[in-house]
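Here are my notes on the model, as numbered points. Please read them with the structure open.

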Amino acid sequence: MERQDETHDEAIDPVVCLRGLQSAGTLACATRAADGSPRVRFLSGIHFELDAVYILASNGMPFAKQLLADDRIQLLGEVRRGVSVRLTGTAELVPEDERMRWRLRIFAERPDYRELYPPLKYDDSLVFTIRHGYFEYLDLVSVPIKRVYVPFGDGEIKASGFVITPDCARCGSCRSACPQDCIRPGDPFRIVQENCLQCGACVAACPRGAIRPVA
Ligand code: SF4
Ligand code: SF4
């Protein structure tokens, strides 16, 4: 993968993220099973609106049952090599009287579904929608890398990564260890979160244990 120096001047907003997922086509989709273990599959029966994502789920399949029992869901797609978008959110079951509209849209966009899933009929497939959550846009090609969190609907961002606490003694060891040159001097030193790889090299280099995971 060839990395490029870029100025990062493209504004990353929900529309950019939705378009990125849409362009990826087939997405990885993670849910939780009843015992709490993760379940992931590829998903392509998806329709995108500017404020929502609609997902087709055959009634009775484990995927539908998992979402009915636990609405937490993640979608992940590769926009282009080294650039990905992840949507973390909650999946709501679309009311029955609104489902047909979205089924027709999804079937129109994926006509091969009729052959792929013969038992899947308009009148017994479920439709879930994601309206609230947050996106994580990750560009590993640019130098430095770019990681942007973007809220979707009323979703609350739960960012990962590290922060430097007031225990920092300003020795600079973390800065020397950082492969992205994204730690700035100060009191305490500060991580530029947008360029952080979340590799943990700074944590290992800090003699004071002053760098902690984001709460
Ligand atoms: S290595 Fe630890 S103590 Fe030194 S500057 Fe970094 S955070 Fe501060
Ligand atoms: S986690 Fe890695 S990339 Fe991020 S600040 Fe620490 S060393 Fe740099």
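Helices (H or I, at least four residues) and strands (E, at least two) are DSSP runs, numbered from the N terminus. This is a predicted model, in which local features need pLDDT of at least 70, side-chain atom pairs count only at pLDDT 80 or more, and totals for chains, interfaces and linings use all residues. Residues are numbered from 1 along each chain as its sequence is written, and chains are lettered from A and ligands numbered from 1 in the order in which they are written.

1. Asp181 sits in the loop between helix 5 (173–177) and strand 12. Its phi is near 50°, a positive value in a residue other than glycine. Asp181 is exposed, with 12 other C-beta atoms within 10 Å (buried means 20 or more such atoms, exposed 12 or fewer, partly exposed in between, with C-beta atoms placed from the backbone).

2. Gln198, in the loop between strand 13 and helix 6 (201–205), also is not a glycine and has a positive phi of about 60°. Gln198 counts as partly exposed, with 16 C-beta neighbours inside 10 Å.

3. The peptide bond from Val143 to Pro144 is cis, with omega near -5°. Pro144 belongs to the loop between strand 9 (142–143) and strand 10 (146–152).

4. A cis peptide bond also runs from Asp187 to Pro188, with omega near 5°. Pro188 is placed in the loop between strand 12 (183–184) and strand 13 (190–191).

5. Around ligand 2 there are 15 residues, the closest being Cys178, Cys196, Cys199, Ala201 and Cys202 (near means a C-beta atom, placed from the backbone, within 6 Å). Ligand 1 also has 15 residues around it, and Cys168, Cys171, Ser173, Cys174 and Cys206 come nearest.
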